[in-house]
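Hello,

Here is the structure I promised to pass on to you. Have it open beside this email while you read, and look up each residue as it comes along.

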Amino acid sequence: MASRYQEANARSDGYADAVDLRIPAHTLTCLPWRALEDRIAEWDRLALEASEPNPFFESWYLLPSLRNLPATDAVQVLCFEEDGRLAGLMPITRSPRYYRWPVPNLSSWVHDNCFCGVPLVTRGAEVAFWLALLRWADANPGSSLFLHMRGITDNGPLHTALTAILEADGRPSGIVHHEARAMLASELGPDAYLEAAMSGKKRKELRRQTNRLAERGLLRFERRHDTADIGPWADQFLALERSGWKGQAGSAMACDPGTAALLRQALDGAAARGRLERLTLSLDDRPIAMLATFLTPPGAYSFKTAFDEEFAAYSPGVLLQRENLVVLDRPDIAWTDSCASADHPMIERIWREKRGIVRLSIAIGGPVRRAAFQHLLRAERSRVTVEPAS
C-alpha cells in the first residue's frame, strides 16, 4: 500500500504522453517584487491551491525575506495567470555568477534560510506554468547562458511535469546537484515509529535523560498553534539559538538584524494564517529547546530548532523531537521535511525517511546559446554524482 507521502506526491506517469508543446493561452509576466504587495489575498489563495506546498514562497515568508535581506532590489517575480487568476509564482534573479564561476544565468531566488525552491503553482497547471516560463526565458535571456533552478523536490509534481516537458522538447538540461535530507513520513503512530527508528537501548537512554532532567526542576512540553505571545516566543528563540554554536559561528538568525526581523515577521504571518506550530521544552519556565514548524497540508516544514547547550548532556533537542512525533497522528499532514542538511547527526537519529532535493540547469535562448550551455553542463556533470533518495 502506498504511503500518504507517496500518494501526496505521486508521479504522474501520463505527463510525458499528455504534454502538448503548444503554449496555452495563459499569461506570464515578470514584475518587481514590490508589485506583489497589493496582491496578498490572491497570493494566499494560490498557496492553498498549490500543487506542492512551499511556505518559503508564500506571502508571509517571501515578502519579509525581500524586505529585510540585502541586495534584493534586483529580485523579480514571475506571475502566471490563468483566466485572470494568479495561478503560479516564482521569484527570480539575474546573476552574473554561477557559484564560483563568472557565468551569467537566470536563477530562481532562494537564500540561506529558504529551504525549498519549488514554485507555487495551482494544482493541474504545472505543465502550462513551465511552458510559459520556458517561453519567457527563451525570449528574455539577456546575458544569461541558462536557467538554474534550486531547491526543487525530486520527482514531485512540479519536477515531474518539467522533466516531461524537457524530454518532449529535446531541450538540453541536467540535474547538477542532489541531496537527500531527513523526512518524517509514516503510517505508524508516534510510539511505534520511535520503536522502529531507535533501538531499545537508545530509547531507554532517552527515558533516563528525561528523568535526570526532571530532577533539576519542573520539566514541561508546550505545543501552541495560536497567535498569542508570538513576539516574546520569537525573542526567546533568537536568544536561545544565538547562545550556542550558531551564535559563535555568526550563523544564528539573531546575529544579523535582517534575519532576526525575517524570523519575527514570518512567525507572525504564519501564525495569523494558522500555518505555525510552536513546540517548547522548558525547565522551570526557562526554554531549553524550541521548534518552529510551518504547517502546509499535506506537508509540513520543520523550519528552525534551537536548544540550550548547557543541557546538552540531556539531549534536549532529541527529547523535543521525540515529542514532535505527535505530528504523525495528524490526518492532514502526510509528511514533514526536516529542512536539515544531509546526514544531520541529530534528526537522522529519529527520522528515517528521505526527501530528495535537486538543483537543475536548463538551456534557454537560441542554438548558439544552447550549444555553449551544453559544453558547460557536460563539464559540470562530469564532476557530479547524482543518486536518488532511497
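D343 sits in the loop between β12 and β13; helices (H or I, at least four residues) and strands (E, at least two) are DSSP runs, numbered from the N terminus. With a relative accessible area of 62%, D343 is exposed. The cut-offs here are under 20% relative accessible area for buried, over 50% for exposed, and partly exposed in between (1.4 Å probe, protein chains only). Leaving aside its neighbours within four places in sequence, D343 is in contact (heavy atoms within 4.5 Å) with E348 and K354. The C-alpha atoms of D343 and E310 are 24 Å apart, and 33 residues separate the two along the chain.

Before you go further, please note that this is a predicted model, where local features need pLDDT of at least 70 and side-chain atom pairs count only at pLDDT 80 or more, while totals for chains, interfaces and linings use all residues. Residues are numbered from 1 along each chain as its sequence is written, and side-chain values use heavy atoms, with hydrogens and water left out.

Now to T336, in strand β12 (residues 335-337). Is T336 buried or exposed? Its relative accessibility is 4%, so T336 counts as buried. Leaving aside neighbours within four places in sequence, T336 is in contact with M183, L184, A300, Y301, S302, V327 and W351.

Next come the aromatic rings. A pair of aromatic rings is described by the distance of the centres and the angle of the planes. Rings of Phe, Tyr and Trp (its six-membered ring) pair if their centres lie within 6.5 Å; planes under 30 degrees apart count as stacked, over 60 as edge-to-face and the rest as tilted. How many aromatic pairs does a search of the whole structure find? It finds 19. In one of them, the ring centres of F56 and F115 are 5.7 Å apart and the planes are at 80 degrees, so this pair is edge-to-face. The pair links distant parts of the chain, 59 residues apart: F56 is in the loop between α3 (40-49) and α4 (59-68), and F115 is in the loop between β4 (105-108) and β5 (120-121). F56 is buried, at a relative accessible area of 1%, and F115 also counts as buried, at 16% relative accessibility.

Y61 and F303 make another pair: their ring centres are 5.7 Å apart and their planes at 85 degrees, so the pair is edge-to-face. Distant parts of the chain are linked here as well, since Y61 is in helix α4 and F303 in strand β11 (residues 299-307), 242 residues apart. Both Y61 and F303 are buried. Ring pairs join F56, W60, Y61, F115, F294, Y301, F303 and W335 into a cluster.

K304 lies over the face of F303, at 5.9 Å from the ring centre, and R355 lies over the face of W335, at 4.1 Å.

Then have a look at the strands. Eight of the 11 residues of strand β3 (residues 85-95) are buried, so β3 is largely enclosed by the rest of the structure. Two strands pair if DSSP finds at least two bridges between them. Seven bridges join β3 to strand β2 (residues 76-82), and the two run antiparallel. In this pairing E81 stands opposite L86, and V77 stands opposite P91. β2 and β3 form a hairpin with two residues between them, and D83 in the turn has a positive phi of about 55 degrees. β3 also pairs in the antiparallel sense with β4, over four bridges, where I92 has S108 as its bridge partner. With β5 the pairing is antiparallel over two bridges, and L89 has L120 as its bridge partner. β2, in turn, pairs in the antiparallel sense with strand β1 (residues 27-32) over six bridges, and C30 stands opposite L78.

Last, helix α13. In α13, F373, L376, L377 and E380 are buried. Seen down the helix axis, the buried residues of α13 fall within an arc of 105 degrees (taken from the directions from the axis to the C-beta atoms), so they line one face of the helix. These buried residues pack against β6 (146-153), β7 (173-184) and β13 (353-363). The face turned away from the buried side carries the exposed residues P367, V368 and H375.

Enjoy exploring, and write back with any questions!

Methods:
Lys NZ or Arg CZ within 6 Å of the ring centre and 35° of its normal.
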